[in-house]
Amino acid sequence: MYDLLLKGGTVVDPSQGLNERLDVAIAGDRISRVAPSIPEGEAAEVIDLDGKIVAPGLIDIHTHVYHPGRNWNHPDVAGVRSGVTTLADAGGPGPADFADFCDYVLTKAQTKVYSFLSVFRERSVGGPPQESHMDIAGVVKIALDNPDVVKGVKVIVAPRMVQSLGLKHVEASRRAATEAGVRLMMHIGDIGPRGQTPTPSDVTTQALAMLEPGDAVTHVFSPLTGAALDEKDRLLPGLVAAQERGVFIDTSYGDFNFGWERADAALAQGLKPDTIATDIEIHAGDGMRKLSERGLLEYASYFLALGFSLEEVVRMTTTAPAAFLGVQDSAGSLAVGREADVSVLELREGRWLLADAKGVSRVGTQALVPALTIKSGRVIHPGEPLHPWGWTPPAASE
Ligand SMILES: [Zn+2]
């Protein structure tokens with residue numbers, strides 16, 4: 001007898017090469033059976049998913065669900081309440097904040113939350129970053145003591161850091177990640193006030209050269225300076241080389257880091273993005289609202305508009321991020337015996353307005369929205385949608 005039967009949906013699971021109408025049976029917190037027609041009588045609860053997409057639980061490798069001193073955020077807003085079962089906080093805590101991160105985030109999340117630590121001891125220190133604020137040994141100790149939580153180190157290559165430190169913080173983050181045996185996630189793109197000195201392409205290139213196979217570079221479609229393309233829109237050779245040696249190419253948008261023209265130019269020059277992630281910020285006062293413009297599924301709709309297939313989009317939000325986090329044996333698949341993490345999605349046809357960070361919009365014809373999330377066998381309904389009208393992007397006028 002199964003506890004739960006997901007009946008009649010289209011299973012899209014790149015880890016098993018599946019894209020067909022199949023039933024999924026769950027017993028306890030595990031996937032028990034995936035087959036064309038499992039009798040309803042064999043399950044205590046049956047959910048009819050006719051017309052829906054049944055994907056492995058989605059994974060967002062780049063979120064900000066922890067803000068030292070402002071811990072009124074709720075990680076599940078970016079997680080299970082938005083169709084995402086696993087997420088990584090990218091550089092929220094430094095070594096001195098990690099216990100606080102565990103208290104405020106891990107204890108209340110139904111979503112599986114991993115951490116990428118900052119090499120800076122405390123994140124809430126004001127003023128320009130300084131070398132004396134870095135704590136390589138602290139990062140290594142916490143990573144080694146908490147292998148189930150800490151999956152990497154996050155580093156930012158942008159003017160505020162580069163103009164104070166050169167690339168010393170990148171070198172320190174590299175050392176910490178290597179000594180701890182975890183991934184390095186590198187932000188490129190000159191986020192910050194207007195009028196700042198752009199990071200020269202050769203500095204970005206030097207930073208990229210420090211990435212090793214299995215690490216990630218994030219914001220590759222950013223329209224900002226200091227990012228994946230030089231001032232003539234040529235893809236940095238250092239990024240191509242990074243891709244070739246097995247560095248994960250991540251596309252996180254946030255509020256500033258997606259431009260249609262840059263995406264077109266990067267793709268036309270052969271860049272192959274591995275993962276879709278949000279860079280979503282959650283720190284609104286009522287504890288359950290997010291300030292960012294869009295969640296993972298809304299951003300995934302941009303990739304459908306760029307010409308990626310549904311299978312590719314599911315791969316970029318399941319198997320690929322699972323591999324980056326090193327959790328491919330436990331997440332990102334609906335294989336029998338796996339933890340029952342399932343994201344049930346709806347594909348809505350329409351005319352959807354997909355805006356980039358420069359205010360340029362394209363009209364997409366397909367939008368993905370969350371229908372139901374199952375985390376470790378527990379059914380969770382989507383929370384309050386991001387937009388007043390619901391989960392879709394804004395509708396384009398006819
Ligand atoms: Zn970020």
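## The nonpolar core

The largest nonpolar core has 119 residues, and those that touch the most other members are Val 24, Val 139, Val 153, Val 157, Met 186 and Val 217. A nonpolar core here is a set of buried Ala, Val, Leu, Ile, Met, Phe, Trp, Tyr and Cys residues joined through C-beta atoms within 7 Å. Buried means that 20 or more other C-beta atoms lie within 10 Å of a residue's own, with 12 or fewer counting as exposed, anything in between as partly exposed, and C-beta atoms placed from the backbone. Helix α8 (residues 296-305) gives this core its largest share, seven residues. Domain 1 (2-55 + 333-380) and domain 2 (57-325) both supply residues, so the core lies between them.

Before going on, keep in mind that this is a predicted model: local features need pLDDT of at least 70 and side-chain atom pairs count only at pLDDT 80 or more, while totals for chains, interfaces and linings use all residues. Residues are numbered from 1 along each chain as its sequence is written.

Now pick out Val 153. Setting aside neighbours within four places in sequence, its contacts include Phe 116, Leu 117, Val 139 and Leu 184. Contact means that the C-beta atoms of two residues, placed from the backbone, lie within 7 Å.

## Two domains

The domain assignment gives domain 1 (2-55 + 333-380) and domain 2 (57-325); such bounds come from an automatic or database assignment. Taken over C-alpha atoms, their centres are 26 Å apart. Where they touch, domain 1 puts in 26 residues and domain 2 puts in 27 residues. On the domain 1 side, β16 (342-355) and β17 are the elements giving two or more residues, and β17 gives the most, with nine residues.

## Helix α7

Helices (H or I, at least four residues) and strands (E, at least two) are DSSP runs, numbered from the N terminus. In α7 (residues 260-268), the buried residues are Trp 260, Arg 262, Ala 263 and Ala 266. They cover an arc of only 165° around the axis, so they sit on the same side of α7; the arc is that of the directions from the helix axis to the C-beta atoms. These buried residues pack against β17 (361-375). Just after α7, Gly 270 has a positive phi of about 95°.

Strands pair if DSSP finds at least two bridges between them.

Leu 4 stands opposite Ile 26 in β4.
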